[in-house]
Amino acid sequence: MRLSRRALLAATTAATSLSAAPPATAAPRKPLRTGFEQLAATDYAQLSGQRCGIVTNPTGVTRDVRHIVDVMHADPRVKLTAVFGPEHGFRGTAQAGGSEGRYDDPATGLPVYDTYLKSGRPLGDVFTASGVDTVVFDIQDVGARFYTYIWTLYDCMEAARLAGKRFVVLDRPNPVTGRAARGPVLHKEFATFIGRQPISQAHGMTVAELARLFNGEFLETPVPLETVLMTGWKRSEFYDAWSLPWVPPSPNMPTPDSALVYSGTCMFEGTNLSEGRGTTRPFELLGAEGIDGRWAAAVGELGLPGVHFREAYFAPTFSKFQGRTVGGVQIHVHDRAAYDPVRTGVALLVTAKKVWSGFGWRPDNWIDKLTGSTRVRTAIDAGASADEVVAGWQEELAAFRRIRKEYLLYG
């Protein structure tokens with residue numbers, strides 16, 4: 001039977017309409033309002049009459065992806081007079097270990113001050129020089145101790161106290177949930193900018209909760225602290241449960257999937273393997289020259305919950321092995337609720353050392369700063385299994401969990 005052109009077009013249109021229709025089972029988005037949305041809804045009542053400076057980066061956006069600095073600068077109800085940029089900068093142009101320096105923002109004309117690697121009195125002097133009365137913090141975290149923005153928060157809280165400033169934290173979700181604290185707890189003698197204080201490697205907290213913890217446990221004298229909480233956030237849900245845009249908090253955190261694995265696979269920064277920087281899947285791809293499919297097979301045999309491992313080959317465009325093809329694994333998380341990123345990261349380290357004779361730690365023992373002590377490195381070097389390594393930090397983790405519980409703000 002031959003179809004007429006009109007009938008064919010009608011059939012094609014119907015098929016297109018059917019294929020474009022949303023799935024009947026699509027889950028509804030959850031109602032959530034960020035700390036900034038809550039603040040704006042009150043006509044910025046907590047900032048009334050104050051000259052304000054804000055510590056933020058590209059993640060400080062509204063749900064229609066306008067930057068909150070642009071929004072606040074244009075609003076006569078709030079007096080925004082300065083911006084403070086962390087690692088990677090306020091507008092996010094710098095790579096890992098860099099910042100944008102001091103400049104005037106072309107979009108608003110506001111002075112932008114650099115906070116990166118500043119702390120204590122020198123950072124307090126920056127706040128004093130800016131002329132602000134209140135320092136506001138709004139940055140999206142990813143839930144790992146060695147992600148530097150939470151230590152920017154800590155340093156800014158301490159510096160604001162020294163400079164006699166109020167401090168206001170606008171809360172955002174922990175994108176990998178706030179269900180549990182996982183991993184080793186930092187030992188104070190290993191404190192650096194990737195871990196100032198003894199918290200667990202995956203902390204399971206929001207920035208407002210961390211601010212309360214810092215104020216209550218670690219600052220010698222508390223800063224005058226106010227937090228603007230979210231509404232509608234549940235500890236058990238991942239970032240894609242809400243209709244919030246994902247803006248990469250740093251150049252190598254392109255998606256929530258990157259954040260999901262980061263608290264475990266960032267430990268590979270402390271090795272001679274690539275952690276996937278310079279690829280489109282940083283922290284999900286791991287590898288080095290000379291590694292083959294034996295690694296994926298070895299870690300796959302462990303039966304780790306919620307995750308599969310695929311033999312993978314890639315050529316990083318920068319960082320380790322730039323422009324050279326390496327072999328390794330790609331991590332595929334298939335059950336986020338069951339997946340334990342820190343235990344998985346340890347298992348990957350243990351099996352990489354077993355199957356690849358070229359395995360080595362960075363000469364500066366960076367792994368000790370990432371994990372917070374010598375325990376993980378020395379246990380793996382002694383031939384411990386992944387379960388034995390994980391067992392070694394359980395007592396300290398239990399003690400941190402008891403402290404952490406006092407500062408949680410959401411159910």
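User: Happy to dig in! What should I know about the model first, and at which pLDDT do side-chain atom pairs count?

Analyst: Residues are numbered from 1 along each chain as its sequence is written, and side-chain values use heavy atoms, leaving out hydrogens and water. In this predicted model, totals for chains, interfaces and linings use all residues, local features need pLDDT of at least 70, and side-chain atom pairs count only at pLDDT 80 or more.

User: Thanks! What volume does the largest cavity have?

Analyst: A cavity here is a set of points, on a 1 Å grid over the protein atoms alone, where a 1.4 Å probe fits but cannot get out. Points are joined across faces, edges and corners, and a volume is the space filled by probe spheres set on them. The structure holds three cavities of 30 Å³ or more. The largest has a volume of about 160 Å³.

User: Which helix gives the most to the lining of the largest cavity?

Analyst: Lining residues have an atom within 4 Å of a point; there are 19 for this cavity, and V176, R182, A202, S263 and P341 are the closest to its centre. Helices are DSSP runs (H or I, at least four residues) numbered from the N terminus. With three residues, the top contributor is helix α7 (residues 256-265).

User: Nice. How are α7 and α9 oriented to each other, and why?

Analyst: Axes are lines fitted to C-alpha atoms over the stretch in contact, with angles from 0 to 180 degrees between N-to-C directions. The axes of α7 and helix α9 (residues 341-355) come within 7 Å and cross at roughly 55 degrees. Angles under 35 degrees count as roughly parallel, over 145 as roughly antiparallel, 65 to 115 as roughly perpendicular and the rest as oblique, so α7 is, relative to α9, oblique.

User: And how many nonpolar, polar and charged residues has the contact of α5 with α6?

Analyst: Helix α5 (residues 149-163) and helix α6 (residues 207-218) pack at about 45 degrees, with their axes 10 Å apart. Contact means heavy atoms within 4.5 Å, and the residues involved include W151 and M157 of α5 and F214 and F218 of α6. Ala, Val, Leu, Ile, Met, Phe, Trp, Tyr, Cys and Pro count as nonpolar, Asp, Glu, Lys and Arg as charged, and the others, Gly among them, as polar. The contact has 10 nonpolar, one polar and no charged residues.

Key
1 Å grid on protein atoms, 1.4 Å probe; cavity = no way out; pocket = protein on both sides within 12 Å on 5 of 7 lines; lining within 4 Å. Helix = DSSP H or I, 4+ residues; strand = E, 2+ residues; numbered from the N terminus.
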